[in-house]
Amino acid sequence: MRVLAAVSLPPDAASALAVNRALNKVYVSGGASAGQKVDVVDGSTLNLRTVGTGSGASVDPVTNRYWAAGVSSANVTAWDGASDAQVATVTLGACPIATDQDPGRRRVWVAAQCGGGNDPVWAIDADAAAITAGPIGSGGILGSLVVNPGTGRIYIGADGVSRRIDPLTFARTDNAFGVVALANPVTNRLFALAGNGLQVIDGAPDPEVVLTTVPLSFTPSGMGLNTTLNRVYLGNPAAGELEILDGGSNTLAGSIPLGSNFTPYQISVDPTRSRIYVIGSTPSGPVLAVVPDAPASGAVAAVKITPGMVTLTAPGATQQLTAQALDAAGSTVGGRTFTWLSNNSVVATVDVNGVVTAMANGTARITASTDGIAGGDSVTVNAPALSEFPIATTAADEEGQSAAFDGINYLVGVSGPTTSAQLVSQSGAKVGSLITIPGYSGDPPYVAFDGTNYLVAWAGCAFSGCTRGQLLGQFVSPADTLVGNVFTVASDTDFNEVEGIAYGSGRYFISYVRGHNNPASGPKMLFGRQVSPAGVVGPEIPVSSQPAAHGINNVAFDGNKFFVVWVDAAIQAVTMGRFVDTSGSLIGLEITVNGSPALSDNPVTVAFNGTNYFVLSHDETATPGIFDVMGQAVSPGGALVGQPVDLTTNSGTQIAVSVIGAGNNFMVSYLDAFGTPQAVARAKFFTSSGAVIGQETVLARVGTDSRVPFVTAGGFNSGQFFLIVERQLPGANPLDFNTYTQRDVFGAIAAISP
């Protein structure tokens with residue numbers, strides 16, 4: 001019996017085993033459903049203690065958190081790996097029983113086993129501890145859950161049927177091979193039980209390819225993986241031993257005896273310390289056995305690629321990678337030839353010499369292998385998706401943040417020395433010259449279309465002067481001409497600032513903040529007015545009951561009514577919303593869209609996609625003055641749909657710029673790393689319920705002239721987005737918009753997908 005040590009376990013036998021290589025800890029979880037426990041075993045002392053309840057534990061190697069599912073509590077729980085303190089709980093509302101990790105995509109996958117058929121599966125954001133997707137039906141009674149971090153694909157067994165869940169679309173399909181029991185993310189090999197054999201499957205292509213079937217004389221009672229040695233360990237219950245499958249040759253290469261009275265059923269490996277942990281049943285009860293796993297002297301134990309985690313910023317860009325073979329002690333093993341492989345040649349290719357070439361945006365894993373041992377790392381191609389063309393780029397400062405579509409062209413509102421607008425075709429060509437509104441200037445105008453004409457609305461003044469900002473309107477025809485004269489929407493007796501415009505059911509709705517130049521004279525409040533296509537202005541509508549901060553495009557129409565959002569700045573800033581019908585009457589009370597204890601900041605924005613609204617706001621992080629963009633879906637009835645979602649947990653401040661309905665989904669554009677030279681405009685997609693879809697897309701980066709891109713989605717038609725790119729040069733304080741100069745307006749037409 002090759003056992004270093006044995007730890008007696010509680011009598012209710014555990015159902016899962018996981019190893020934390022970084023902290024030298026082992027997690028034993030599961031047991032009888034009424035008393036499932038999570039136990040932590042110190043790898044140095046082998047002392048065991050209980051930290052909570054749950055089953056199916058797994059370890060996040062990025063944060064060292066470990067997660068377990070509580071079938072009785074309907075929760076999944078995370079503990080801090082260092083302190084073993086509980087740090088997060090996510091309620092799923094079903095019977096979660098197992099977890100697995102996709103550290104590259106920062107996801108925890110959870111499977112339920114409720115016994116009623118079509119057991120659900122969920123994806124959870126590993127950092128935000130929030131549901132990303134699910135429940136996704138498994139199609140039966142769930143029996144297994146395996147994630148391949150190399151591709152992000154999820155493999156489940158339900159009623160004995162092998163199935164797969166796509167990590168981008170979350171669609172479920174049946175596999176043409178057995179139920180997957182194990183995945184090696186380094187080699188992209190899957191191991192599935194099928195009849196009397198173990199299938200070895202290439203997990204990189206789509207669909208996957210069965211390479212060989214290793215015949216077995218026993219049914220494995222458990223399986224474990226050593227990624228460093230490229231070995232799979234199979235529990236042989238009748239013989240009381242572990243059978244060793246060599247991952248390079250795909251042949252059985254020996255066995256490790258555990259004892260005739262030891263029946264193994266859970267296996268996990270710590271390659272760092274060359275240990276195999278095995279849970280087995282014995283006459284005296286369940287035992288955790290510690291088994292040595294030493295490689296042969298001089299054998300290649302690992303392959304290291306340098307540099308790791310490469311990012312390429314344009315198709316065609318290249319990067320030379322080098323590979324190094326290491327033995328178990330970390331020393332170089334010389335004289336080795338490497339085979340290079342990309343698991344996603346659509347994104348990046350690699351030649352026989354290790355030169356990587358970027359092909360398209362996305363992520364690929366590049367591996368180098370020798371002697372059956374592979375090592376790899378990710379290559380991310382993050383090229384800007386936009387090809388920009390000029391709209392308003394004179395020597396004067398010009399800004400643009402709103403556009404509308406007339407079925408043929410887009411009209412972009414432009415501020416500058418004179419308030420103006422520019423027609424742009426669906427192919428990205430300017431139509432006619434810049435349409436100026438003589439004698440007027442002001443803030444960037446908002447634009448909407450009523451089926452006949454556009455309405456351009458802005459806060460500004462006539463050149464002849466005004467005491468405070470007026471709210472003004474001007475109709476423009478699709479034929480590139482002014483229709484009628486400038487008219488007043490709100491007078492200049494108070495300070496006015498347009499926040500958004502929408503059109504529906506024969507009425508424009510213009511939202512605006514009205515207050516006093518001197519704050520001591522009274523707070524700013526949010527109001528609205530409706531305007532007919534004939535230019536008839538309705539009475540002022542008091543939307544907010546408390547002081548309000550400004551937004552960007554903060555009103556949307558759902559076919560029956562308008563929805564307006566803002567930041568309530570009365571005491572603790574929170575994000576609010578309110579419905580207004582097409583007659584100008586307020587509907588119901590104000591809605592708290594995001595009432596988190598974190599400080600909310602402006603601006604806020606909203607869009608409707610035919611099913612729900614999606615509202616963007618900002619929450620202050622644990623670091624004062626640093627804000628993340630938050631999203632919240634809201635139904636047309638005013639109910640919050642799902643939980644608030646943090647668009648990104650990247651460091652620094654993010655600024656929400658726009659959201660637009662895109663078919664059944666929403667596309668959000670935001671500025672990441674605001675206030676730094678690394679600022680980048682990104683896009684991300686969300687479902688109607690607020691769940692993230694796919695990966696984020698880089699839209700634009702800081703230019704060679706150091707100007708920062710603010711990208712607004714101005715329209716979506718026939719699968720193409722029309723985007724307004726406003727570039728500005730930061731001033732002495734890059735966090736203060738008022739110090740930015742050299743503002744110009746560009747456009748882009750792009751087919752962007754999740």
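**Note on strand pairing and salt bridges**

1. Strands β38 and β67 run antiparallel and are joined by 3 bridges. The model under discussion is a predicted one.

2. The pairing of β38 with β67 belongs to an open sheet of 4 strands, ordered β38-β67-β66-β65, with antiparallel pairing. At the edges stand β38 (389-392) and β65; each has a single partner strand, so one side of each is left without a neighbour in the sheet. From one strand to the next, the twist averages 30 degrees. In general terms, strands of a sheet pair through backbone hydrogen bonds, in either a parallel or an antiparallel manner.

3. Asp-744 and Arg-707 form a salt bridge in which the closest N and O atoms are 2.8 Å apart. This pair links distant parts of the chain: Asp-744 lies in strand β67 (residues 741-750), whereas Arg-707 lies in the loop between β64 (692-701) and β65 (708-717), 37 residues apart. Asp-744 counts as buried because its relative accessibility is 9%, under the 20% limit. Arg-707 is likewise buried, with a relative accessible area of 9%.

4. The structure holds 22 salt bridges in total. Side chains of opposite charge can pair when their charged atoms come close. Another such pair is Glu-208 and Arg-153, whose side chains meet in a salt bridge at 3.5 Å, N to O. Distant parts of the chain are linked here as well: Glu-208 sits in the loop between β20 (197-202) and β21 (209-215), and Arg-153 in strand β15 (residues 153-158), 55 residues apart. Glu-208 counts as buried at 10% relative accessibility, and Arg-153 is buried with a relative accessible area of 10%.

5. The contact of Glu-208 with Arg-153 is part of a network: salt bridges that share partners join Arg-153, Arg-164, Asp-206 and Glu-208.

6. A further salt bridge connects Arg-578 with Glu-590, with 3.8 Å between the closest N and O atoms. Arg-578 belongs to strand β55 (residues 574-581) and Glu-590 to strand β56 (residues 586-594), 12 residues apart, and the pair links distant parts of the chain. Are these two residues buried or partly exposed? Arg-578 counts as buried, at 12% relative accessibility, whereas Glu-590 is partly exposed, with a relative accessible area of 21%. The limit that matters for this assignment is 20%, since buried means under that value.

Key:
Residues are numbered from 1 along each chain as its sequence is written. This is a predicted model: local features need pLDDT of at least 70, side-chain atom pairs count only at pLDDT 80 or more; totals for chains, interfaces and linings use all residues. Side-chain values use heavy atoms; hydrogens and water are left out. A salt bridge is a side-chain nitrogen of Lys or Arg within 4 Å of a carboxyl oxygen of Asp or Glu. Helices (H or I, at least four residues) and strands (E, at least two) are DSSP runs, numbered from the N terminus. Buried means under 20% relative accessible area, exposed over 50%, partly exposed in between (1.4 Å probe, protein chains only). Two strands pair if DSSP finds at least two bridges between them. Axes are lines fitted to C-alpha atoms, for helices over the stretch in contact, and angles run from 0 to 180 degrees between N-to-C directions.
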